[in-house]
Number of protein chains: 2
Amino acid sequence: MLRRCGGLLETEGVKCTGSVIDGTMNIHDQILEMSRRAASAARVLRALDATGKNRILEAMAEGIASSGEKIAAANARDVAAAKADGLGPAMLDRLLLDPQRIEAMAQGMREVARLREPIGEEMSVTRRPNGLVIRKVRVPLGVLAVIYESRPNVTADAAGLCFKASNAVILRGGSEALASNTAILDAMLAAGASAGLPDDAIQLVPTTDRAAVHALLQMDQYLDLVIPRGGESLIRAVTQHSKVPVLKHYKGVCHVYVDRAADLDMAMSIALNAKCQRPGVCNAMETLLVHEAVADEFLPRVGEALVAKGVEIRGDAHTCRLIPQAGPATESDWSEEYLDLILAVRVVGDLAAAIAHIERYGTHHSDVIVTADDDGAQRFTHEVDSATVYVNASSRFTDGYEFGMGAEIGISTGKLHARGPCGLEELTTYKYIIQGTGQIRQ
Amino acid sequence: MLRRCGGLLETEGVKCTGSVIDGTMNIHDQILEMSRRAASAARVLRALDATGKNRILEAMAEGIASSGEKIAAANARDVAAAKADGLGPAMLDRLLLDPQRIEAMAQGMREVARLREPIGEEMSVTRRPNGLVIRKVRVPLGVLAVIYESRPNVTADAAGLCFKASNAVILRGGSEALASNTAILDAMLAAGASAGLPDDAIQLVPTTDRAAVHALLQMDQYLDLVIPRGGESLIRAVTQHSKVPVLKHYKGVCHVYVDRAADLDMAMSIALNAKCQRPGVCNAMETLLVHEAVADEFLPRVGEALVAKGVEIRGDAHTCRLIPQAGPATESDWSEEYLDLILAVRVVGDLAAAIAHIERYGTHHSDVIVTADDDGAQRFTHEVDSATVYVNASSRFTDGYEFGMGAEIGISTGKLHARGPCGLEELTTYKYIIQGTGQIRQ
């Protein structure tokens, strides 16, 4: 059941006057009403300037910081219920909000306030022979929906970024985190409203009913973009059902190719970092490709080091001869996103074979060549059709913060609109503003 | 039935050796095979440089020019069949290729050859504190499909633009123009191949079976973008069925708002131009909004001039009092794209009411304010959420050529990827190319 008062969405039982949304509404109508309100808020948001937005962001950060106990109490209810439901330790850890994590949310919002203003940037100016001045100006997208899983901190992170880019946002978090998400939202909205946050600029779907997500994905009349954040199954489900464009990456099957002209010490360091530094993320290496000319020297060394770090190696026949601990890879290993300490390894005949492997099995996320040969590096970066292509660096740098964007809402492996790490600019579009002096078309 | 030889797609009965695609394939498998070939071609196209591409474009232009008689003969067969089928005069005119139109296709391709190279542009360079150099580089999208209606010249125009941006393209023209389109394709491919055009870079769906379009729209594994060019029903059908992203505009309900601070002579000139200069196109005005403070003076004058040009006026009550020839507008008139000498006219109380009308009934295509008030102009351009917003100029300038793009593949009223007139840049994406010296993530 959905009730709303004073810009706050509250769950049933919370004292609330002036309910705007009727408790008898069905889910579709509730989501429709939320979407309409978001579209209205988007029009108000277009009029906010950078100073006003940053004041609101700072206020929301303080709101989160000063509501730490309330948020922690709500989170404790979520965690207790999740434990009773038998949620595993990894999921429980994702769900947990301790004081450090709550302060990190507040700090993240303060940092978003300090980022460069994305709206209003003049992307180009053209003066035509007839005197028309055509300016291409960066503007908000309008209304975004962010659909995410168990981490409640996404509630604050996504709200901050969408708002900084002057977009209205509808958030839909994991059902196991609803109390936490609601507490975070309440803290942000109460503090934000006092600093001028427009009504309905940030809304949270206040039900765990899955029909709400389906209804949201049909609101293409009001929503401009949907961003799913979570595992592949969530992203596929959103993409399959959405009438609204989706900014997404399915998975990262990232490759490191060690060329015949590679500095093998550098290759060792990059391979170990790309696989082991944080194996559970999308920019970690999943497949190592090694030129046959350096396989005899490189594979036993890197194999020993990887095994020492606990990595299970699944290799082709050549690899298995050179790394005694390697097991045989099957065809499906080349497409696998392990997100774990497992690595597929293959020996290739030349650079062309490495590129062909990546184009066939990769996911166009992040791929690396280690080589001292500039021509080979250029060919690799030219022919590998991935969002980010590296020469002599770890794939782990594919990240909005590491790219200097100051923020990241996600990583796109699609080619339309935005590709690679997405920060504030990727939450915007542009319009053409044309100044004339009475010009008409001949 | 589909047969293929030497890079040419030919219809049954044409002498052909070395058929690659089996004549017994069903439509889905034929389209799948074409899509796979296009994806292979896209990889080859990435390696072409500007000089090579322009030489191929010049050769294709000559191929069209020197095949004028063959193209005209094929077109005569299409026209005869269309007449026998009872096609109306407007459709027949669209289908017709006379020597001037054939030469215009060749000339258009020569002009595309001379446009600035879109691929390889360095869009930004960031040097990070750790020494990584992150370059954002413009690259081709990959494989495009263009689905269009009766005008056969789109075959050459779309092929030229897609190729110039190093994309492979699958063309699907109107069924009544298949012989013409095939003749144009044959002329382009034969001449292009001799200059180095890669196999399968430009393909035409060689069947009038509608199942082919549906199959094409399911090829999201191979196709990066679909561009429908035609009427609203075509665009809606493509959007509804496509798993591939669609670059589109449904329709242009464009407004001219004459503010109380307008120069009324300028407003007259702009209103007449926006409505009458070419009423059948998407950037023509469909609704005129007039501030009530100038309605008494402006509406009788503009009404007389519009009626003298044959325009039927459908007005609100206020308008009907001031323009004797006006008939009453109904609610549906405010959303109508007439594409004809018909105009809806409404008197509004102020700028805010004009903006509210445009946001409610408009299609976010092209909207105009005529005013000498800079603050009002700024508010209008800020709050009207359209792809192109004009101050004191006709809406008719929304066009890739008028914007100085040198070409136009279409106009987007979507906000993702591209908005407004789309030229070569809008047929590209970017990738990040990162140069390191062995950096690993800490």
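This is a predicted model: local features need pLDDT of at least 70, side-chain atom pairs count only at pLDDT 80 or more; totals for chains, interfaces and linings use all residues.
**Entry 1, symmetry.** I began with the relation between the two chains, and found that a rotation of 180° with 0.0 Å of shift along its axis superposes chain B on chain A, the RMSD being 0.0 Å. That is the relation of a two-fold axis. The same surface serves both copies, since 100% of the contact residues of chain B recur in chain A. I then looked for the residue of chain B that comes closest to the rotation axis, and it is B:His417, whose C-alpha lies at 1.7 Å.

**Entry 2, the contact between the chains.** I counted the residues on each side, and the contact takes 49 from chain B and 49 from chain A. On the side of chain B that touches chain A, at least two residues are supplied by each of α10, α14, β15 and β18 (428–439), and the largest share, 11 residues, comes from β18(B). By residue class, this side of chain B divides into 20 nonpolar, 20 polar and nine charged residues. I also checked how strands pair across the contact: β15 of chain A (residues 388–393) and β18(B) run in the parallel sense over five bridges, and A:Ala393 has B:Gln439 in β18(B) as its bridge partner.

Next I traced an open sheet of 10 strands with mixed pairing, whose order is β3(A)-β4(A)-β18(A)-β15(B)-β14(B)-β9(B)-β10(B)-β13(B)-β11(B)-β12(B). Its edge strands, each of which pairs on one side only, are β3 (122–127) of chain A and β12 (327–328) of chain B. Within the sheet, I looked at β9 (residues 254–258) and β14 (residues 366–370) of chain B, which pair in the parallel sense over four bridges; there B:Val256 stands opposite B:Val368 in β14(B).

Two helices of chain B pack on this sheet, and I noted what each of them touches. Helix α10 (residues 264–276) of chain B touches β18 (428–439) of chain A as well as β9, β10 (285–291), β13 (342–348), β14 and β15 (388–393) of chain B, and its direction makes about 160° with that of β14(B). Helix α14 (residues 374–383) of chain B touches β18 of chain A together with β14 and β15 of chain B, and its direction makes about 160° with that of β15(B).

I listed the contacts of A:Ile64, leaving out residues up to four places away in sequence, and found A:Ile102, A:Met105, A:Ala106, A:Met109, A:Ala156, A:Ile184, A:Ala187 and A:Met188. In soluble globular proteins, nonpolar side chains tend to be buried together.

Which residues other than glycine did I look up for a positive phi? One is A:Ser166, with phi near 60°, in the loop between α6 (153–164) and β6 (168–172) of chain A; A:Ser166 counts as buried because it has 27 C-beta neighbours inside 10 Å. Another is A:Asn392, also with phi near 60°, which has its place in strand β15 of chain A and counts as buried because it has 23 C-beta neighbours inside 10 Å.

Last, I turned to B:Arg379 in helix α14 of chain B. B:Arg379 has 17 C-beta neighbours inside 10 Å and therefore counts as partly exposed. B:Pro228 and B:Arg379 are 151 residues apart in sequence, and their C-alpha atoms are 34 Å apart in space.

Methods: Residues are numbered from 1 along each chain as its sequence is written. Chains are lettered from A and ligands numbered from 1 in the order in which they are written. Copies are superposed by least squares on the C-alpha atoms of residues with pLDDT of at least 70 in both. Two residues are in contact if their C-beta atoms, placed from the backbone, lie within 7 Å. Two strands pair if DSSP finds at least two bridges between them. Axes are lines fitted to C-alpha atoms, for helices over the stretch in contact, and angles run from 0 to 180 degrees between N-to-C directions. Ala, Val, Leu, Ile, Met, Phe, Trp, Tyr, Cys and Pro count as nonpolar, Asp, Glu, Lys and Arg as charged, and the others, Gly among them, as polar. A residue is buried if 20 or more other C-beta atoms lie within 10 Å of its own, exposed if 12 or fewer, and partly exposed in between; C-beta atoms are placed from the backbone.
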